[in-house]
Amino acid sequence: MEKEKKFYERLEQKGVSRRSFMKYCTFLTASMGLSSSYVPRVTEVFAAPIQRPPVIWLNFAECTGCTEAFLRSSYPFPDDLILEILSVEYHETIMAAAGHQTEENLQEALKKYSGKFICVVEGAIATKYDGAYGKIRGRTFLEIAKDVCPKAAAVICLGTCSSYGGIQAAKPNPGGYKGVGDALGMKTVNIPGCPPNPVNLVGTVVNYLLFGRLPKIDDLGRPDFAYGKSVHDQCPRRSHFENEEFVTRFGSQEAAQGYCLYKMGCKGPETYNNCPVAKFNDGTSWPVEAGHPCLGCSEPDFWDKMTPFFEEM
Amino acid sequence: MGKKITIDPVTRIEGHLRIEVEVEGGKVKNAWSSGQMFRGIEMILQGRDPRDAPLFTQRSCGVCTYVHYLSSIRAVEAAVGVKIPDNARILRNLLHAAQYQHDHIVHFYHLHALDWVDIVSAVTKADPVKTAALADTVSNAPLGGASYYKQVQQRLKTFVDSGQLGPINNAYWGHPAYKLPPEANLMAASHYIEALRLQAKAARMHAIFGGKNPHLQSLVVGGITSVRDILTPDRIAEFQHIWKVTQDFVRNVYIPDILAVASFYKDWGGIGGTDNFLAWGDFPETEKEPDSNFMPGGVIMKRNLKGIKMPNQEKVAEDVTRAWYEDGTAKHPSKGETKPQHGDYSPEKGRYSWIKAPRYEEEACEVGPLARTLIAYAKGKKEIKETVDNVLKTLDIPADALFSTLGRTAARAIETLVVGNAMEGWINQLVGNIKKGDTKTCQSWKMPDKAMGYGLNDVPRGALGHWIEIENKKIKNYQYVVPSTWNLGPKCGKGKPGPVEEALIGTPIADPKRPLEVLRTVHSFDPCIACAVHVIDPDSNEVYKIRVT
């Protein structure tokens, strides 16, 4: 109780009311597909970590957009995640150490937390030519992944690149790029999207902290709570589809009226993700709301299977 | 031969970068900048629908997430010959300026500040009462007071006492080159945390008219799709509100912090300079480009501000003599070819990077905030001139001190202020158009069988150009020359170093095992390596070997 009281005091000092915190936890609990009876337990995960769960974050062939997406989390805020909820042991984009000190940090964390840390991977792994197309400290991405991933309690692939290979794996896939599961032959939890919604990463991590296990996943490794339904089925423009009210030209009257983007190439019917419900950037918007067709960016091989993007499926 | 120091990976940047310096007599004598990863987006683009190019090239970088999207759209638009409506021009400027605000704040606080700010000193030595007093004298920051700084310090102390040091573990804390008093360290550390939260909010500007951030999704060839968001007054008001919160932070926290920190590091006004500068210019305020660009383009050679010229994209050529590509003459990007040839890492005389070496009239040029600020200053642009003169006066340093690491970091803040301020007028223009009944955001066009085009922009990290060739309505060739290729590129056939390499020469090194000073200059360029290297060899099966030094 005392701890909880202190936690709310601290939140309030930071300008977060107990009410808005509970609202967030309720939202998160709902996005995770849990009943409202779990709300207090979700709150607890954020309130009183005895030891913050260690995270080793690996950046391979990527654009850092998934790290950026993680930093857009706005409940918990990124500073809460970094200072109070997680222990980010290794992350090249934010860590203060550089050069050989980074390797010391990585090895120290691997030794200290072997079998206990969450490994988040961002980016694909080059497999052609012994993985020679990307290196850090002279070691290939493939060598680093082989060293780190099997020692993790769980490997979470954040983004379509680490999940399924992503853009560099698009035809002709010159470097033989693959997702982590494929490159290492191991089971990973995949949170695809280009980039994914940070809500879905936080939901997955909370599930792990809450139950000591990862959320239920589909055969593509995606948590059901986020990727269980198609974008089309959750789309607020769905009724226009049913009524055959389509946009056929950008800049048209139909576009201004918010008609269905199916004929402009929208891939919502083939794409499984919670974008229309969770929306991005603290629920601000999502591509279809901005009048642009869905690209299908959380589906495997979408750069080949979903292109040309502006042609009807 | 002096002692070699290798920093691999350079952290707190986008991408995989290796920097090597040779130190003699406590100073850097020679330097090598090496890109360590390649993906191949230009090759992947060949044969695809030109309308898809902007979405592919956008994935070069999720940090500067808007910029390739914009330049690529403009390249395709130039090729197909479509003029975008006024509202699309304004919205694109607003999204681009929001990228400046976001990028520059994140760069200073989260990627660069820890080169100047000692977190351990903030936690263990700072007095919150004195910190509050210091903050009151240097800024109008909305959060402050002794209790605020006490609480931030306690928060950091709890973090450190947990023994789980995470991102601040094993850094260069206590290094003799850290010069800030403990209270300034605590003030800056507090703002690091505030900025972490602010940037998440600032990114919502992109989500409003772009659907999401990173990787906005609302530009199309011919305009922008978020027409419903401009037809909803709430949306514009929301944008305006977040713009104001962000710009208030720039005015009341970022600028004062830059001045406060810089006042302890004036010696860095004489370290890390380069000689030549290039900007294409950006933010067209009417359909007349480049004349109406709010940030003007220009070329300055040998620091001669009076000899400033207008830039011409035909004078760009990429040299590959010292990069891992097949030999060939330096070529203009529209004729560019990419034939990688893997080899050993041979910085002394051979090849040592995947980044090509772009040259303007055979000279390496620095691009980015300092280049833009100097060019605008030389052209007498009022807003820039006033702000620059103010900064020089406040710090009591001569104009020459701009050619430095300090000048580069200050210029980034200066242009954030100036470009951010301009956004208000652009929002009003948009509202004015809508009031008049002009709500057009897209122009129709037809794909030609054959065409060529290019799009030039000046994006947060510097001059960016995309070149496209269309044949049979498909992409025949695609090349882009990005800011970090200009800044982080290797030496050329004539042995002239790239800008970062040039800037590092002469840098004092106090402790070769902890080369903090090298990081300061490298970070001041805000490197983005995934952008800089985006080419790959589809045929070769040679293995790229690296000699670990």
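This is a guided tour of the structure, stop by stop.

The model is predicted: local features need pLDDT of at least 70 and side-chain atom pairs count only at pLDDT 80 or more, while totals for chains, interfaces and linings use all residues. Residues are numbered from 1 along each chain as its sequence is written, chains are lettered from A and ligands numbered from 1 in the order in which they are written, and side-chain values use heavy atoms, with hydrogens and water left out.

**Stop 1: strand β1 of chain A**

Select residues 54-59 of chain A, which form strand β1. Helices (H or I, at least four residues) and strands (E, at least two) are DSSP runs, numbered from the N terminus. Of the 6 residues in β1(A), 6 are buried, where buried means under 20% relative accessible area, exposed over 50% and partly exposed in between (1.4 Å probe, protein chains only). In a regular strand the side chains alternate between the two faces of the sheet. Here A:P54, A:I56 and A:L58 point one way, while A:V55, A:W57 and A:N59 point the other way.

Two strands pair if DSSP finds at least two bridges between them. Centre the view on A:I56: its bridge partner in β2(A) is A:Y90, and its bridge partner in β3(A) is A:C119.

**Stop 2: the contact between chains A and B**

Display both chains. The contact takes 92 residues from chain B and 92 residues from chain A, contact meaning heavy atoms within 4.5 Å. About 7,600 Å² is buried between the two chains, and carbon and sulfur atoms give 56% of that area. Buried area is the accessible area (1.4 Å probe) that two parts lose on being put together, summed over both. On the chain B side, select B:Q164, B:R197 and B:Q217, which lose the most area to chain A, together 10% of what that side buries.

The count between chain B and chain A is 8 salt bridges; a salt bridge is a side-chain nitrogen of Lys or Arg within 4 Å of a carboxyl oxygen of Asp or Glu. One salt bridge to select is B:R155 with A:D79, whose closest N and O atoms are 3.0 Å apart. B:R155 lies in helix α7 (residues 146-161) of chain B and A:D79 in helix α5 (residues 78-85) of chain A, so the pair joins two chains. B:R155 counts as buried at 13% relative accessibility, and A:D79 is buried with a relative accessible area of 1%.

Move to B:R51. Its side chain meets that of A:E311 in a salt bridge (2.6 Å, N to O), and B:R51 also forms a salt bridge with B:D49, at 2.8 Å between the closest N and O atoms. B:D49 counts as buried at 12% relative accessibility.

Then select A:K279, A:E289, B:R204, B:D229, B:R235 and B:E238, which a network of salt bridges links. For a charge over a ring, show B:K212 and A:F280: the charged end of B:K212 sits over the ring, 5.8 Å from its centre. The criterion is NZ of Lys or CZ of Arg within 6 Å of the ring centre and within 35 degrees of the ring normal.

**Stop 3: inside chain B**

Select B:D103 and B:R461, whose side chains meet in a salt bridge (3.0 Å, N to O). The pair links distant parts of the chain, 358 residues apart: B:D103 is in helix α4, and B:R461 is in the loop between β12 (450-459) and β13 (462-471). Both B:D103 and B:R461 are buried.

Next, show B:Y178, where B:R520 lies over the face of the ring at 5.9 Å from its centre.

Finish at helix α12 (residues 369-378) of chain B, with 9 of its 10 residues buried. Among them are B:L370, B:R372 and B:Y377. B:G380 follows α12(B) and has a positive phi, near 70 degrees.
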